There are 2 protein chains.
Amino acid sequence: MTMKPADDLRRSVLDASLALIAERGLAGLSMREAARRAGVSHQAPYHHFGDREGILAAIVGEGFVELAADCRAAIEGIDDPIARLEACGQAYIRFAMRRPAHFKLMFRSEHVSAPRHDEIMAKGESAFDLLIRTAHDAAVGGIGEADDALAITSWGLAHGIATLLIEGKLEKKCGDDPRAQLAAAMQALSTFSAMQRAARKKV
Amino acid sequence: MTMKPADDLRRSVLDASLALIAERGLAGLSMREAARRAGVSHQAPYHHFGDREGILAAIVGEGFVELAADCRAAIEGIDDPIARLEACGQAYIRFAMRRPAHFKLMFRSEHVSAPRHDEIMAKGESAFDLLIRTAHDAAVGGIGEADDALAITSWGLAHGIATLLIEGKLEKKCGDDPRAQLAAAMQALSTFSAMQRAARKKV
DNA sequence: ATGGATCACTAGACAGTGTCAAGTTAAGAA
DNA sequence: TTCTTAACTTGACACTGTCTAGTGATCCAT
């Protein structure tokens, strides 16, 4: 199943957009500049995406699929539920570091309105829900009874660490080296796991 | 010490900007519309803020001061270090809910570049560092030895929960009612505190 | 095969934006 | 009185997203 030329332009506009975002940030993405780089008229992208938001929605969709795949791969072969949860969090944070623009678009409400683009969001979010469910199951299996609260706590921790990391807010505490920051992030996750294990043994 | 007319316009442009953001979101803030609402020409705001970013920087500065004050007030009169940390996190999350636009501007790197506006950021961030130090001290006092890791973990949790909350990502798990979402957020914090206490007793 | 519809795209225009440059007006200092 | 500076206004420029109106090509039913 080869790509049709139509999808070809769609793909190259999308790639040009991602490159643009990588260079100039999220606000630096412009329909016209993306079209320019793809070598087409300023209106060509509209035929494939309808809207500026359409491009962002496409990026979000790809992001959710990739994140879910990352998480699935990370927990494969791990049995201990708390270790699974930690591995999942690690994948979450590594994804945020590898694709910061995707991550921001995925978890900010203002760029892509969920009601529109619901088919894309649904595809992505169903994959994402699996991720959350994994975390949830792991948490429940680990601690015994506390249901939603622990899942939200785990998600919140991973999400917060990831956010602080890609926004550069850990620089003051960990220095400029991204690897040192990543190490600190991972240490936060393992601290959380340790606390979880302690709480479990106590009960 | 009364306000000079100059500061008067500065203030009203700032208020118009905040109203604009509340109505149309962060991207809906426009220099020209803010000027229009303040009843001045489209260039008048530039005299006070220099830049579009200047307005955002002013908002960020006010936000850091208010957040620090909130946190300080929250931990007042509480002795138990773990309880202090939890109260601090509660204040952090309540602030995010009360001033979502401030919160986003404060913790995103793309809107306001720290190197420029360093005087504003310094004023705000020194207040903010106090907040982090409080969390740090409380954490260290609580668990005994683990130093930076627990502070980052706590900060990450509060930040992540706050972010998910104001981006509406908890709606699927907690429903549309903001009070139910806030309750879930608080429950996540208390879950964390319980785990911290359990870990402490175990060691 | 052929007429009509649909697809993929181009070209032009419009309102709106941030910001540079040049003027204006008023107040205060020398 | 003259000079300087602050606090504006006015006008222009390049750029943006998006609406409208085209233009070939391709496909499909007759």
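How far is a phosphate oxygen of DNA strand D from an N or O atom in the side chain of B:His48? The distance is 3.0 Å in this predicted model.

## Contacts to DNA strand D

A polar side-chain atom of A:Asp51 lies 2.8 Å from a phosphate oxygen, and a polar backbone atom of A:Arg52 is 3.1 Å from a phosphate oxygen.

In total, 20 residues surround DNA strand D, the closest being A:Arg32, A:Gln43, A:Tyr46, A:Asp51 and B:Ser41. By type, the residues of this surface are seven nonpolar, eight polar and five charged.

## Interface of chains A and B

The two chains bury about 3,600 Å² between them, with 67% of that area on carbon and sulfur atoms. A:Ile152, A:Lys173 and A:Met195 supply 17% of the area that chain A buries against chain B, more than any other three residues. Contacts involve 39 residues of chain A and 39 residues of chain B.

Two salt bridges cross the interface. One of them joins B:Glu110 to A:Arg108, with the closest N and O atoms 3.1 Å apart. Four residue pairs are in polar contact across the interface.

## The chain A side

Helices that give two or more residues to the side of chain A touching chain B include α6 (100–107), α7 (118–143) and α10 (178–202). The largest share, 13 residues, comes from α8(A). This side divides into 19 nonpolar, nine polar and eleven charged residues.

How values were computed. Residues numbered from 1 in each chain as written. Chains lettered and ligands numbered in written order. Predicted model: local features only at pLDDT ≥ 70, side-chain atom pairs only at ≥ 80, totals over all residues. Heavy atoms only, no water. Contact = heavy atoms within 4.5 Å. Buried area = accessible area lost by both parts, 1.4 Å probe. Salt bridge = Lys/Arg side-chain N within 4 Å of Asp/Glu carboxyl O. Polar contact = N/O pair within 3.5 Å; in protein donor to acceptor, adjacent residues only side chain to side chain. Helix = DSSP H or I, 4+ residues; strand = E, 2+ residues; numbered from the N terminus. Nonpolar A, V, L, I, M, F, W, Y, C, P; charged D, E, K, R; others polar. Near = heavy atom within 4 Å.
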